[in-house]
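Open the model in your viewer and keep the sequence beside it. The stops below follow one another; select, look, move on.

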Amino acid sequence: MNLYTIKSVPLTSVHSIRRHIPTIGWQYIIVILSSGLAFPPLYFYNGGVREFFAILKQHVFIVRSADDANVFRLNDFQDSLQKSLSSLELPRVLSVANGATLHHSPSAVSAIDNSKRENGIASGGVSTASKHSGKKKYKVPDPAHDLSVQVLEKFSLVTKLARDATTQIFREIQDTRSPLRDKKLQNSPSPVTTVSQLDYRTNNNTRTKPDDIEGISVDSKSVRSYVRGKKMKLPLTHEEWRAFLGREGRIVDSTTLRKRIFYGGMENDLRKEVWKFLLGSYEYDSTFAEREYLDSVKKSEYESLKSQWKSISETQARRFTKFRERKGLIEKDVIRTDRSIPYYEGDGNPNVTILRDILLTYSFYNFDLGYCQGMSDLLSPILFVIRDESDAFWSFVALMERLGPNFNRDQSGMHTQLFALMKLVELLDHPLHDYFGKADCLNYFFCFRWILIQFKREFNYKEIMQLWEVLWTHHLSEHFHLYICVAILKTHREKIIGEEMDFDSILKFVNGLSGKIDLDAVISDAEALCISAGEHGAACIPPGTPPSLPLDSDAQLYAQQDDEIL
């Protein structure tokens, strides 16, 4: 059995340690270096995490993060402000540092742009887009608006810093497996050694049938019965929707409903109601009366939250730096978010103001997380569909319960997903994985934007609503978005390998796919990959990886216990 090799790491190089103590399963920690790189999980099969921290405390200064009770910072005497997502919007700054998290680097920034910024508005790690990026064509977005050639050229100057720093660690772990995955492989009745032979390229408009793929260790008839292919169902209708509702308004069979939406979507005017169930704003077993009462209570609660920042006077604002920073960033972002969509276009558009108000209110609702660039991209389609400020806010809150870790300051959520993506590519397309290893591309930074905002920049508005519905059903996997990533990469494997693309070339190529991806085809491919991988694919994804709900239900209990240590 292959296990990770435990290597010594200087304590001076460690930035923080994330602790995971699930109610079911093994305890484990993730060590995050000062550079931003995250090591694979270190499992404690017989407990001992608390004792580990007790011993560690004898050698270094440890402090619990104010943002997350399960994150412990080492030798941390200052707290940087939020760093992430200018890769999505502004060409004014590109900032990187050594590691998988691209931290604010003044020297790198000055080499690209002389404009000065507040510390804390740092890049999420991929690239920035033109200030006109929000003005995409409605039918087919213009990739040039998302990522200019000039930005790509400048980005290539600084990405080598991160790539070189991550190469060594990823090279060390690429041929190993996590203990959790090994355990599942041992207990599995069939090997998965040939799943990497899967290939779903389109030939003469004919998609490869699942039973024609070499070496799939699952029943081919079972796969064929699930694959969408060209026989995708029609959207869910009003009549079908009413059939799912019991006399009191409860969803009769939520599993069948989610499966139905996965394979056919829904009619547009149903989204305002059904999305609240998919996102978790409404419980599937709630009644009409309960939902009506909930709406009333939540509306009052939203108005109360909103009044907190609305009542801040200019005099107070001058002494409230965090509020000024977040408000300024939000106002700059919303005026360039989806402005080509009729619902948001034009000067003085009240819907843009509502978008701003919701984001500002959320920054007070979740003050620890606040606001990061990219959140406006996630909120925009929700408000467009729901058309109610309070309802849109609470739907956004429900979404951020799952996607919030994408915007953590230490970017642990993104680290975990990129690592899981690497392991899935290794499992499902080993030749491509080997090529990425040789090309020093195992950090998968070129997929950063895809994961961060759930492919929002890769499809037009109509398509992104269809894709998000598929992802929110969690029909086959909570992490279906990672299989979407694998499917897109597999589709272009021959071009990537054939042209011997390096990191910068892959980054430019991937961003250039915006508006050019066949949505139905890639969902079909991702579905077949997910079914074929089965439990072996699930074993590649650490517990609690976004968009899974956080495994922190007992965080306060463990935080109290750890107070004895810290």
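Select His474. It touches Arg258 and Arg402, leaving aside residues up to four places away in sequence; contact means heavy atoms within 4.5 Å. His474 lies in the loop between helix 19 (461-473) and helix 20 (480-491). Helices here are DSSP runs (H or I, at least four residues), as strands are (E, at least two), numbered from the N terminus. Is His474 buried or exposed? His474 counts as buried, at 19% relative accessibility. Buried means under 20% relative accessible area, exposed over 50%, and partly exposed in between (1.4 Å probe, protein chains only).

A note on what you are viewing. This is a predicted model, in which local features need pLDDT of at least 70, side-chain atom pairs count only at pLDDT 80 or more, and totals for chains, interfaces and linings use all residues. Residues are numbered from 1 along each chain as its sequence is written, and side-chain values use heavy atoms, with hydrogens and water left out.

Next, select helix 13 (residues 350-365) and helix 14 (residues 375-386). Their axes come within 10 Å and cross at roughly 125 degrees. Axes are lines fitted to C-alpha atoms, for helices over the stretch in contact, and angles run from 0 to 180 degrees between N-to-C directions. Helix 13 and helix 14 are therefore oblique to each other. Angles under 35 degrees count as roughly parallel, over 145 as roughly antiparallel, 65 to 115 as roughly perpendicular and the rest as oblique. Show the side chains. Asn351, Ile354, Leu355, Ile358, Leu359 and Tyr362 of helix 13 meet Met375, Ser376, Leu379, Ser380 and Leu383 of helix 14. These contact residues divide into 8 nonpolar, 3 polar and no charged. Ala, Val, Leu, Ile, Met, Phe, Trp, Tyr, Cys and Pro count as nonpolar, Asp, Glu, Lys and Arg as charged, and the others, Gly among them, as polar.

What is the angle between helix 9 and helix 14? They pack at about 135 degrees, with their axes 8 Å apart. Helix 9 and helix 14 are therefore oblique to each other. Arg271, Lys272, Trp275, Lys276 and Leu279 of helix 9 meet Pro381, Ile382, Val385 and Ile386 of helix 14. The residues of this contact divide into 6 nonpolar, no polar and 3 charged.

Last, colour the cysteines. A search of the whole structure finds 0 disulfides, a disulfide being a pair of cysteine sulfur atoms within 2.5 Å. Select Cys485: the nearest cysteine sulfur, that of Cys447, is 5.2 Å away. Cys485 is buried, with a relative accessible area of 0%. Finish at Cys441, which is buried, with a relative accessible area of 0%.
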